[in-house]
Amino acid sequence: MNIKRGLAALAVAAMSVTALAACGSDTAQDEGTPDSLSFWYYEEEDAGQTQAWKKAAEMFKKETGVTIKFERKSFTQIAQNGSQFLNSDEAPDLMESNRGNGSAGVLSTMGLLTDLGDYVDQYGWDKKVVGSNATTAKYDENGIMGGDTWYGMSSYAEFQRVYYNKDLFAKYGIEIPTTYDEFVDACQKFVDAGVTPIAADAQEYGVMWLWWQLVSKNADAKFMDAWHLYKGDVNWNSKTLTGATSTISDWLDKGFISKNATGMKAEDTTQAFIKGEYPIYQTGTWNQGRFAKQIKNFDWTAAVMPDSEYAVGCAGNLLVIPERSKHKDLAAKFINYVLSDDVQNFLGNAGGIPVAADPDKITDEKSKAMIEEYDSYASKNKLSYYPDYAASSLTDAVPASFQELVNGTKDSSAVLKDIHSKYDSGVEEMGFAN
């Protein structure tokens, strides 16, 4: 069944959040060369991709004389209110968009994103962004990723890794785990020593991501196809789901995750890890560049949670050109700079994961190890994306369910039942049944 544009619009517009500040795209007409292009994004300033985009902007200005006007928003602002602004005169010339059926997929069915097919042919982007990295950039007529139409372009990739404070591990005589059993054992040893091991926020997405990594640890292709692509029914009684949910509950009871997580946001846990307050932090690789710059007092290492069949992540958020953009050709030219060899190689050494770099040009050892680990999963189609990609409503709904688990107002079985209900209603709002 096709996604109904009215339902898609309702699903996105119904989620309320503080509106994006009216910032306005430039007022130059199509036929003229503008002084600047407006670019909305939500990455941290120290993130590798932000640094790469700004390098591309310098190169772009040198050739065109046009400045890229970077306007930083929050993820929540763009994810929840972006459709309203893309459908208005406030639409920027270029925007970072979350990928997945419930985000870029919905926007594409609403006619708010430019079909990039001609630009892909012109610049040869499909020779650079390939395989798993292209899946989240292309959508079918129903807004399901993996289709034939390019509605965005990935310029980087990202995935969830467990970051370890090596100094805290050494202080307590605990080895960095290389198996899942060792991971659990290390957490228990920290608790026994009076240390809460895992930094995780429940007010935003941290606990949800940790849960999805546990799901991904034991998932298979059939499960992933059912969850993300609506191919078959999701087995809600499977050990994949019940085991992951009960494990989060167990870790809360054992003190692996603090009950204070209910009042924490992602920035809180990120800052706490940077300050050396936690030995373990699972977070996205978008933070790796930040860690490389800001962590001065301890050594760290990182890897996907041990013994995981899938890694949580995929090609990065999309650079999209709004249908209302006044300067589409120039916006596409900027994207081409972002995908250039110079910028992609720069990204790889700045703590990001490039989609089109020369591996021999990556000299930073921590970055190289991260890129190689990502490729080891991506090359085998072992990326599990994120759980909220299936429907736009899940970005808020799933974290809300886990907040109740952290609060103790629902047990693990009730939380999974709640997620099941929200998943079904969210997918139904998308125009599908699962």
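Trainee: Which residues form one aromatic cluster?

Mentor: Phe39, Tyr41, Trp53, Phe60, Phe70, Tyr156, Phe334 and Tyr337 form one aromatic cluster. Keep in mind that this is a predicted model.

Trainee: How many aromatic pairs does the structure hold, and how is a pair of aromatic rings described?

Mentor: A pair of aromatic rings is described by two values, the distance of the centres and the angle of the planes. There are 39 aromatic pairs in the structure. In one of them, Phe183 and Trp251, the ring centres are 5.8 Å apart and the planes stand at 40°, so the pair is tilted. Phe183 belongs to helix α8 (residues 180-192) and Trp251 to helix α11 (residues 239-254), so this pair ties together parts 68 residues apart in sequence. Phe183 is buried, at a relative accessible area of 1%, and Trp251 is buried too, at 2%.

Trainee: What are the values for the rings of Trp211 and Phe402?

Mentor: Their centres are 5.1 Å apart and their planes are at 50°, so the pair of Trp211 and Phe402 is tilted. This pair links distant parts of the chain, with Trp211 in helix α9 and Phe402 in helix α17 (residues 394-407), 191 residues apart. Trp211 and Phe402 are both buried.

Trainee: How do the axes of helix α9 and helix α10 cross?

Mentor: Two packed helices are described by the angle between their axes and by the distance between those axes. Here the axes of α9 (residues 206-218) and α10 (residues 221-229) come within 10 Å and cross at roughly 140°. That angle makes α9 oblique to α10, because only values over 145 degrees count as roughly antiparallel.

Trainee: Which residues of α9 and α10 meet?

Mentor: On the α9 side they are Trp211, Trp212, Val215 and Ser216, and on the α10 side Phe223, Met224, Trp227 and His228. The residues of this contact divide into six nonpolar, two polar and no charged.

Trainee: What is the order of the strands in the open sheet of five?

Mentor: Strands of a sheet pair through backbone hydrogen bonds, either parallel or antiparallel. The open sheet has the order β2-β1-β3-β12-β6, and its pairing is mixed. Its edge strands are β2 (67-72) and β6 (153-154), each of which pairs on one side only. Within the sheet, β3 (residues 94-97) and β12 (residues 318-320) run antiparallel and are joined by three bridges. The bridge partner of Glu96 in β12 is Leu319.

Trainee: Which strands does helix α2 lie across?

Mentor: Helix α2 (residues 48-64) lies across β1 (36-41), β2, β3 and β12, and runs at about 155° to β2.

Trainee: Which side chains along strand β10 are buried?

Mentor: The side chains of β10 (residues 300-303) alternate. Strand β10 pairs with β7 (residues 156-165) in the antiparallel sense over four bridges, and Tyr164 stands opposite Thr301.

Trainee: Why is helix α4 described as largely enclosed by the rest of the structure?

Mentor: Nine of the nine residues of α4 (residues 101-109) are buried, so the helix is largely enclosed by the rest of the structure. Among these buried residues are Asn101, Val106, Leu107 and Thr109. Just after α4, Gly111 takes a positive phi of about 75°.

Definitions and conventions. Residues are numbered from 1 along each chain as its sequence is written. This is a predicted model: local features need pLDDT of at least 70, side-chain atom pairs count only at pLDDT 80 or more; totals for chains, interfaces and linings use all residues. Side-chain values use heavy atoms; hydrogens and water are left out. Axes are lines fitted to C-alpha atoms, for helices over the stretch in contact, and angles run from 0 to 180 degrees between N-to-C directions. Helices (H or I, at least four residues) and strands (E, at least two) are DSSP runs, numbered from the N terminus. Angles under 35 degrees count as roughly parallel, over 145 as roughly antiparallel, 65 to 115 as roughly perpendicular and the rest as oblique. Contact means heavy atoms within 4.5 Å. Ala, Val, Leu, Ile, Met, Phe, Trp, Tyr, Cys and Pro count as nonpolar, Asp, Glu, Lys and Arg as charged, and the others, Gly among them, as polar. Two strands pair if DSSP finds at least two bridges between them. Rings of Phe, Tyr and Trp (its six-membered ring) pair if their centres lie within 6.5 Å; planes under 30 degrees apart count as stacked, over 60 as edge-to-face and the rest as tilted. Buried means under 20% relative accessible area, exposed over 50%, partly exposed in between (1.4 Å probe, protein chains only).
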